[in-house]
Amino acid sequence: PAPISGQLPYPAAVSDQGEVPGEVSSAKKKKKKNKKSKNRSKKHKQAGSGEGQTGAAAAGAGGAGPSSAAAGSPAAKQAAPPAGAGGASTSAAAAAAAAPASSPGAAPAAAEGAQGEGKAGVVELGGDRRCTVSDFKGSKHVDLREWYRKDGELKPGMKGISLQVADWNTICSAVADIDRAVQQQDMSYNLYLSGKRKVSLSQFKGKTYVAVREFFLKDGQEMPGKKGLNMTPEQWDCLKKGIPNISAAV
């Protein structure tokens with residue numbers, strides 16, 4: 001019988017994939033379209049990310065400024081100092097500029113004892129002892145006193161004696177006699193001042209001292225009082241050298 005139009009005269013051969021030769025299924029077309037659309041979207045994404053990275057790199061380079069670009073130029077390379085030398089000196093200079101300046105008034109404690117040297121009315125005797133001129137109620141006095149340190153400063157202590165100007169003048173006029181008594185180890189020497197005060201010699205552990213001190217009587221004998229100062233021969237020599245300074249201040 002004659003074949004019906006629209007029908008094959010023989011059974012259609014089916015391929016291994018279940019497709020009829022010469023025909024493309026609509027599902028396969030859809031898959032191809034989907035793959036193409038996916039490929040296009042990937043390309044757009046890659047292009048967008050590439051533009052973002054390029055923009056970020058350009059922004060980073062732009063943040064460095066024109067100086068960064070200029071630094072890469074040959075002229076900048078010649079002008080720039082080596083990192084090991086110029087960089088270190090620049091950082092050291094910056095650190096020195098940032099460091100606070102030292103206070104000019106911060107003097108060592110060891111040099112503080114010599115601050116009285118050269119001042120009018122101040123003679124350093126050594127061992128934190130001084131001869132100074134003070135003014136009390138409008139009257140001048142000469143202080144032979146031991147000082148102490150507090151908060152980095154020397155302050156007058158309780159150990160010492162305050163002399164009237166007349167007593168000071170008596171001592172100045174008897175310097176030669178006091179020196180002679182020290183050389184001869186004359187423990188009986190006494191130079192009496194106003195009130196119950198005197199200059200005498202004393203010994204302690206085989207060493208002679210020049211004592212300017214108050215005294216009191218006990219059983220008819222003169223006993224040393226609390227107010228006064230015992231000076232070593234070296235301190236007495238310092239006092240003698242400072243006599244012109246003290247006398248000028250009173």
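**Entry 1: burial and overall make-up**

I started with burial: 23% of the protein's 250 residues are buried. Here buried means under 20% relative accessible area, exposed means over 50%, and partly exposed is in between (1.4 Å probe, protein chains only). This is a predicted model, where local features need pLDDT of at least 70, side-chain atom pairs count only at pLDDT 80 or more, and totals for chains, interfaces and linings use all residues. Residues are numbered from 1 along each chain as its sequence is written, and side-chain values use heavy atoms, with hydrogens and water left out.

Next I looked up the secondary structure and found eight helices and eight strands. Both are DSSP runs numbered from the N terminus, helices being H or I with at least four residues and strands being E with at least two. I also checked contacts (heavy atoms within 4.5 Å). Of those with a separation of 6 or more, 36% are between residues 24 or more positions apart.

**Entry 2**

I went to strand S2 (residues 129-136) and found it paired with strand S3 (residues 139-150) in the antiparallel sense, over eight bridges. Two strands count as paired if DSSP finds at least two bridges between them. S2 and S3 make a hairpin with two residues between them, and Lys 137 in the turn has a positive phi of about 55°.

S3 also runs antiparallel to strand S4 (residues 153-164), joined by nine bridges. I noted His 141 opposite Gln 164 in S4. The hairpin of S3 and S4 has two residues between the strands as well, and there Asp 151 takes a positive phi near 55°.

**Entry 3: the four-stranded sheet**

In what order do the strands of the open sheet come? I read it as S5-S6-S7-S8, four strands with antiparallel pairing. The edges are strand S5 (190-192) and strand S8 (221-231), each pairing on one side only. From one strand to the next, the twist averages 40°.

I zoomed in on S5 and strand S6 (residues 197-204), which pair antiparallel over three bridges. Tyr 192 has Lys 198 in S6 as its bridge partner.

Gln 203 and Met 187 are 16 residues apart along the chain, with their C-alpha atoms separated by 8.1 Å. Leaving out residues up to four places away in sequence, Gln 203 touches Gln 185, Met 187 and Thr 208.

**Entry 4: helices across the sheet**

Helix H6 (residues 175-184) lies across S5, S6 and strand S7 (207-218), at about 20° to S6. For such angles, axes are lines fitted to C-alpha atoms, for helices over the stretch in contact, and the angles run from 0 to 180 degrees between N-to-C directions.

Which residues of H6 are buried? I listed Val 175, Ile 178, Asp 179, Ala 181 and Val 182. Seen down the axis of H6, they fall within an arc of 160°, so they line one face of the helix. (The arc is that of the directions from the helix axis to the C-beta atoms.) Gln 183 and Gln 184 are exposed on the other side of H6. The cover over the buried residues of H6 includes H5, S5, S6, S7, H7 and helix H8 (243-249). After H6 comes Gln 185, with a positive phi near 55°.

Helix H7 (residues 233-241) lies across S7 and S8, at about 70° to S8. Its buried residues are Gln 235, Trp 236 and Leu 239. They line one face of H7, because they fall within an arc of 100° seen down its axis.

**Entry 5: the core**

I then looked at the largest nonpolar core, which has 27 residues; Leu 144, Ile 178 and Val 212 touch the most other members. Such a core is a set of buried Ala, Val, Leu, Ile, Met, Phe, Trp, Tyr and Cys residues joined through side-chain atoms within 4.5 Å. H6 gives the largest share, four residues. Among the residues that Ile 178 touches are Ile 171, Leu 191 and Trp 236, residues up to four places away in sequence not being counted.

**Entry 6: cysteines**

How many disulfides are there? My search of the whole structure found zero, a disulfide being a pair of cysteine sulfur atoms within 2.5 Å. For Cys 172, the closest cysteine sulfur is in Cys 131, 8.7 Å away, so it is too far for a bond.
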